[in-house]
Amino acid sequence: MAKTNPGRFFEDYQVGQVIDHAVPRTVGAGERALYHALYPARHALYSSDEFARGCGLPESPLDDLAAFHVVFGKTVPDVSLNAVANLGYAEGRWLRPVYAGDTLRSSSEVIGLKQNSNGKTGVVYVRTRGMNQRDEVVLDYVRWVMVRKSNPDAPAPDTVVPDLKKVLSVDDLVIPEGLDFSNYDFTLAGEPHRWGDYEVGETIDHVDGVTVEEAEHMMATRLWQNTAKVHFDATFRPDGQRLIYGGHVISMARALSFNGLANAQMIVGLNGGAHANPCFSGLTVKAWSEVLDKAKTNAPGVGAIRLRLVATRGGAPFALKGEDGKYLPDVLLDLDYWALMPI
Amino acid sequence: MAKTNPGRFFEDYQVGQVIDHAVPRTVGAGERALYHALYPARHALYSSDEFARGCGLPESPLDDLAAFHVVFGKTVPDVSLNAVANLGYAEGRWLRPVYAGDTLRSSSEVIGLKQNSNGKTGVVYVRTRGMNQRDEVVLDYVRWVMVRKSNPDAPAPDTVVPDLKKVLSVDDLVIPEGLDFSNYDFTLAGEPHRWGDYEVGETIDHVDGVTVEEAEHMMATRLWQNTAKVHFDATFRPDGQRLIYGGHVISMARALSFNGLANAQMIVGLNGGAHANPCFSGLTVKAWSEVLDKAKTNAPGVGAIRLRLVATRGGAPFALKGEDGKYLPDVLLDLDYWALMPI
Amino acid sequence: MAKTNPGRFFEDYQVGQVIDHAVPRTVGAGERALYHALYPARHALYSSDEFARGCGLPESPLDDLAAFHVVFGKTVPDVSLNAVANLGYAEGRWLRPVYAGDTLRSSSEVIGLKQNSNGKTGVVYVRTRGMNQRDEVVLDYVRWVMVRKSNPDAPAPDTVVPDLKKVLSVDDLVIPEGLDFSNYDFTLAGEPHRWGDYEVGETIDHVDGVTVEEAEHMMATRLWQNTAKVHFDATFRPDGQRLIYGGHVISMARALSFNGLANAQMIVGLNGGAHANPCFSGLTVKAWSEVLDKAKTNAPGVGAIRLRLVATRGGAPFALKGEDGKYLPDVLLDLDYWALMPI
């Protein structure tokens, strides 16, 4: 019997199945520094323990997206090793900050299955939870991927498509315990713009760009223990290119969004996201944002802002889709998330 | 007098000479994260403090190979700066795990000398010990290298070739104090295969491949404070290529071997190793293993497994040497080591 | 109103103006490991907590240049985002070591302004202070940059050129509290040469070279949260090259200077520095030093040595300027600093 992991195929999933993913991970000062080395991350709450304490937290947490990548990476061997495409995200919530010394693990439940009409592939929906060493859920989200069948003759399962929220409401969001922006230091944070200064519909060109190198995205992807071959192996694709992990583009775009959204400190909700076009080494990633919604929260001084974050490979800002309704070729990422901002 | 280190030449060594190597090094959370960023390392005992505690250790140690690289790196300015080739390893033993906050230093004793018949080079055998801040030996191993003579007319020393064990027996191995695999969590570790599931003679193709970039291997080699010029300086070789530190290939292959050997958790013995062919940036490293031996240990639930680990640049798995008895051109590394596995 | 930071232009500065820079930063084990991965850093006091304790410090501090880069990086969005050139440094002093867990922030005072005769640019002089979480100044230095005017018709300010010391005297230097080289371990430090072994006028070729990769300098520059576009964005320059942050060259040269100056442990003064020619990926950086001065200090066993550190892209050592008084094309950096060395 082969001892290596062939990954699961479409016919290996059943609705209700729970998969406990392998390789728990203790995170700390090293992951934090590497995150700052890999992305131009400058949000003060994740850069300075003192700033985080000034916001009511015990210290600076691991970047929310780093926590996401760690939880996500664990799911790859079980969920997307034979995936053809990562189709979408929904109902993502950050429930608890991750601090240095925490150990994360992941578990996924299959919540939907739909075989494609070609009979060769199907869509698998999973709800993934990331837990810390106290079994507290730190993060959960739904993801759906298109997965190959190993045996094309395997019977199609009953179609179950989960009913997912298009957008989380502010009441779905969990504000980290103790978070308080009443004495927020805008000077140290880097920009004067508060929640009240942003208007729904407003767009922001984040101006800066970062050219991506192979060594960088591979180091990032390994750091999150994401095992998808296509990110590491130049012999995997006929054109010799390595496909950059979509999460690398998310983190790059989010870091670039500091310039204009320096006070969108914590990410608490992920409404959806599409990796519109593949990203490869040598491209220069730029980003723009659009304010989609705003809401007050019960936490002192804390407002919620819903943002569209778009990563491009240098196209004109604010252009997203063509007349055919499809993403423009320059668009890499279209992400819809909730962040917390001082009111 | 020149103040820079010219390195030692063959005639500078005497049997019995002890060299205390410079630049002690405190390791910690940063080295651990970098190890995970540079290699696709997933062995749970080195990834999770919680998992390590479940195996009877106080926390997750530094990867055994990282400890090896740190100890090894210190020897380079004194042993292999003028080396023509790294010829072999023997009798390597990991005696004690290295934890965050430990400070490592190295010392080598010259245990053999043999001038080559050309009169221009000779073989130097050293036994190197790595010590922590409590003067406990954490690692020792024998290495032999071919070193240039500075003065071809220097007299040949008496030939002393140490009598080295071809293979460590299980009684030579030191099991870390407290190690206990009785309650080993195979789900979190990533694979169900236990010691009893492996047969002597069995071969495993680890399937995955990683393409190596210049920035990655140079960062690794610097991190271990290995000063061999050929790894960093594109002007050093006529072809402009940088030779990748052999230890980088070892770590890459070991990390790749997770897929099929996820439960070969701790490395405790190094029987031998050959860097069969040089590795350069742009190559895609793959790996396969062969089970060479198995033995029980006295530690609860802990078995020992002796493995051949072969790194290739993409050649067919399980092919090692040609009819002429020489390593095939695609073979980069042939390593023989003992690991510990749950029974 | 655009929410992104356009940077300041020449007419936006006034003498006496104080700018508190954004994004405080907690440093630790991760930054330390990354510093060792990015540069061939081997000075024992920064590598080993035990060695640092043997020199009277509580533990190994963050490399002095890493502290400089963190403090410097924060000034970029406010001082040099629209800079045409970084013209010089003076009166740099390290006042207190930075330890893991410290949080750094920066503040700059405009101390001089001089519009250029072309009316399009001007020189801005700032004194920058880096502070830790206890509001102790850890570092201060003067820097002057040439900055574009946004409006060429803006009136020229009164010219104020600060009176800066060409060289700090030994009395200007601050020796870290408790530093004691009486029991300095030259073997562990890596070289036997003490303060008394160096002569004013002596030159040292540091021999080794390191070829620089894009991924490395970009990771370094991001780690210091330096936001200057030209370092990251391949589309910024017409030739598609990314200009390497000058501080990356400083750290590379300083690390290379270990070979011959292993005992020049702590940097305490920066008299001046010029980035003589731009550095790009693919170049191989080499370094040489010249002893400019020596002085005793009041600390036990501690001498001060003033060094010229020159980074080249492989030119002949010890050649600095041509007959025209200009830096030779191969010279990348000419730095004048004070270090502390065992007597």
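**From one side chain to the chain contacts**

Reply: In this predicted model, Phe68(C) is placed in helix α4 of chain C, which covers residues 64–80. Its relative accessibility is 3%, and since the cut-off for a buried residue is under 20%, Phe68(C) counts as buried. When its neighbours within four places in sequence are left aside, Phe68(C) is in contact with Tyr89(C), Trp94(C), Leu139(C), Tyr141(C), Tyr245(C) and Leu270(C). As for Asn271(C), a separation of 203 residues in sequence from Phe68(C) goes with a C-alpha to C-alpha distance of 14 Å in space.

From there one can turn to the charged side chains, for which the structure holds 60 salt bridges over all chains. One of them pairs Arg242(C) with Glu213(A), at 2.8 Å from N to O. Arg242(C) belongs to the loop between α6 (214–223) and α7 (246–256) of chain C, while Glu213(A) belongs to the loop between β7 (203–211) and α6 (214–223) of chain A, and the pair therefore joins two chains. Both partners are buried: Arg242(C) has a relative accessibility of 7%, and Glu213(A) has a relative accessible area of 17%.

A salt bridge within chain A is formed by the side chains of Asp336(A) and Arg306(A), with 2.5 Å between N and O. This pair links distant parts of the chain, for Asp336(A) lies in strand β11 (residues 331–342) and Arg306(A) in strand β10 (residues 302–312), 30 residues apart. Asp336(A) is buried at a relative accessible area of 15%, and Arg306(A) is likewise buried, at 15%.

In chain B, Arg237(B) and Asp239(B) form a salt bridge whose closest N and O atoms are 2.8 Å apart. Here Arg237(B) counts as partly exposed at 25% relative accessibility, and Asp239(B) is also partly exposed, with a relative accessible area of 42%. Elsewhere, Arg96(A), Arg134(A) and Glu136(A) are joined into one network by salt bridges that share partners.

The contact between chain B and chain A involves 44 residues from chain B and 33 residues from chain A. Together the two chains bury about 2900 Å², of which 60% is on carbon and sulfur atoms. On the side of chain B, the residues that lose the most area to chain A are Ala37(B), Arg42(B) and Leu188(B), which together make up 20% of what that side buries. Four salt bridges are found across this interface, and one salt bridge between the two chains is that of Glu216(B) with Arg222(A), at 3.1 Å from N to O. Residue pairs in polar contact between chain B and chain A, with both residues at pLDDT 80 or more, number 18. Helix α1 of chain B (residues 29–38) supplies eight residues, the largest share of the side of chain B that touches chain A. Sorted by class, that side of chain B has 19 nonpolar, 13 polar and 12 charged residues.

Finally, there is the relation between the copies.

Conventions. Residues are numbered from 1 along each chain as its sequence is written. Chains are lettered from A and ligands numbered from 1 in the order in which they are written. This is a predicted model: local features need pLDDT of at least 70, side-chain atom pairs count only at pLDDT 80 or more; totals for chains, interfaces and linings use all residues. Side-chain values use heavy atoms; hydrogens and water are left out. Contact means heavy atoms within 4.5 Å. Buried area is the accessible area (1.4 Å probe) that two parts lose on being put together, summed over both. A polar contact is a pair of N or O atoms within 3.5 Å; within protein, one must be able to donate a hydrogen and the other to accept it, and residues adjacent in sequence count only if both atoms are side-chain atoms. Helices (H or I, at least four residues) and strands (E, at least two) are DSSP runs, numbered from the N terminus. Ala, Val, Leu, Ile, Met, Phe, Trp, Tyr, Cys and Pro count as nonpolar, Asp, Glu, Lys and Arg as charged, and the others, Gly among them, as polar. Buried means under 20% relative accessible area, exposed over 50%, partly exposed in between (1.4 Å probe, protein chains only).
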